[in-house]
Amino acid sequence: IVYLGFELWNSVVGFDAGNADSFKASNWGIISLVVLSSFSLLLLFSAIVMLKNGGQTERLSIALVIMFSSVVLFAMERANTITFVAVFLLLFVALHDSERPILRHISYLLLALVAVLKIYPVVFGVLLIQRKDIKGCLLSFVYAVVLFFLPFFFLEGGIANFQYLLENVKMNSTTYSQAIPFDRLGLGTFPIVLSHYRDKPY
């Protein structure tokens, strides 16, 4: 589904989504990335403020602390879709036990979407199991299967692209399973690097 999003993005701003140099050379590509990233961060901030219990000052304070955490800063620097996943997960947690059936169905769809985007958020399905919502579990599974396989049919090559997806997942798993030092300074890694050298003598 992410690849389909890249294809749609490419059709609008006119750059090769699979070519980093083409993206960097596209003014519209950079501008659209900034707009999309800013929009995702605004959604995350709004979701935290709206769904957090407590007074307005407390909710705003918590939201600001989270927004300036190294995790969010790193995601922002990398333009990672995890910010959208975080928003969808917050909405799922808020809606999964709603008394209104339509809102519960929306929560099932959100759980399926985040599971397709990042896989590991599927563990939040334990909230449905805890409520013994078997119907919700089954619907979430069906939605996830549809959201996972349907986008392939809108891409050139169709379902054959599934092999490339597996290869990319394997490559990323191999890369990130290794102990990679923070050899670069960025928004997300700066607090970690700073804490590492804080007590070092100069």
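## Close-up views of a predicted helical model

**Figure 1. Helix 6 and helix 7 run roughly antiparallel to each other.** An angle between axes over 145 degrees counts as roughly antiparallel, one under 35 degrees as roughly parallel, one of 65 to 115 degrees as roughly perpendicular, and the rest as oblique. The model is predicted: local features need pLDDT of at least 70 and side-chain atom pairs count only at pLDDT 80 or more, whereas totals for chains, interfaces and linings use all residues. Residues are numbered from 1 along each chain as its sequence is written, and side-chain values use heavy atoms, with hydrogens and water left out. Helices (DSSP runs of H or I, at least four residues) and strands (runs of E, at least two) are numbered from the N terminus. The axes of helix 6 and helix 7 come within 9 Å and cross at roughly 150°; axes are lines fitted to C-alpha atoms, for helices over the stretch in contact, and angles run from 0 to 180 degrees between N-to-C directions. From helix 6, the contact (heavy atoms within 4.5 Å) involves Ile 82, Val 85, Phe 88, Leu 89, Leu 91, Phe 92 and Leu 95. From helix 7, it involves Leu 103, Arg 104, Ile 106, Ser 107, Leu 110, Leu 111, Leu 113, Val 114, Leu 117 and Lys 118. By class, the contact of helix 6 with helix 7 comprises 14 nonpolar, one polar and two charged residues. Here Ala, Val, Leu, Ile, Met, Phe, Trp, Tyr, Cys and Pro count as nonpolar, Asp, Glu, Lys and Arg as charged, and the others, Gly among them, as polar.

**Figure 2. Phe 88 and Ala 86 are shown within helix 6.** Helix 6 spans residues 82-95. Leaving aside residues up to four places away in sequence, Phe 88 touches Leu 110, Leu 113, Val 114 and Leu 117. Phe 88 and Val 114 are separated by 26 residues in sequence, with their C-alpha atoms 6.9 Å apart. Ala 86 is partly exposed, at a relative accessible area of 25% (buried means under 20% relative accessible area, exposed over 50%, and partly exposed in between, with a 1.4 Å probe and protein chains only). The C-alpha atoms of Ala 86 and Leu 43 lie 9.5 Å apart, although 43 residues separate the pair in sequence.

**Figure 3. Helix 7 and helix 9 are oblique to each other.** Helix 7 covers residues 101-118 and helix 9 covers residues 134-149; their axes come within 8 Å and cross at roughly 45°. Helix 7 passes helix 9 in a right-handed crossing. Helix 7 contributes His 105, Tyr 108, Leu 109, Leu 111, Ala 112, Leu 113 and Val 116 to the contact, and helix 9 contributes Gly 136, Leu 139, Ser 140, Tyr 143, Ala 144, Leu 147 and Phe 148. The contact of helix 7 with helix 9 has 11 nonpolar and three polar residues, and no charged ones.

**Figure 4. Two salt bridges are found in a search of the whole structure.** A salt bridge is a side-chain nitrogen of Lys or Arg within 4 Å of a carboxyl oxygen of Asp or Glu. Glu 58 pairs with Lys 52 at an N-to-O distance of 3.1 Å. Glu 58 is partly exposed at 41% relative accessible area, and Lys 52 is likewise partly exposed, at 29%. In the salt bridge between Arg 131 and Asp 133, the closest N and O atoms are 3.6 Å apart. Arg 131 is partly exposed, with a relative accessible area of 39%, whereas Asp 133 is buried, at 12%.

**Figure 5. Ile 119 and Lys 132 each have a positive phi, although neither is a glycine.** Ile 119 has a phi of about 70° and is placed in the loop between helix 7 and helix 8 (126-130). Ile 119 is exposed, at 57% relative accessibility. Lys 132 has a phi of about 55° and belongs to the loop between helix 8 and helix 9. Lys 132 is also exposed, with a relative accessible area of 71%.

**Figure 6. The chain as a whole has 11 helices and zero strands.** Of its 202 residues, 28% are buried. Among contacts with a sequence separation of 6 or more, 54% join residues 24 or more positions apart.

Definitions and conventions
A crossing is left-handed if the near helix is turned anticlockwise from the far one by less than a right angle, and right-handed if clockwise.
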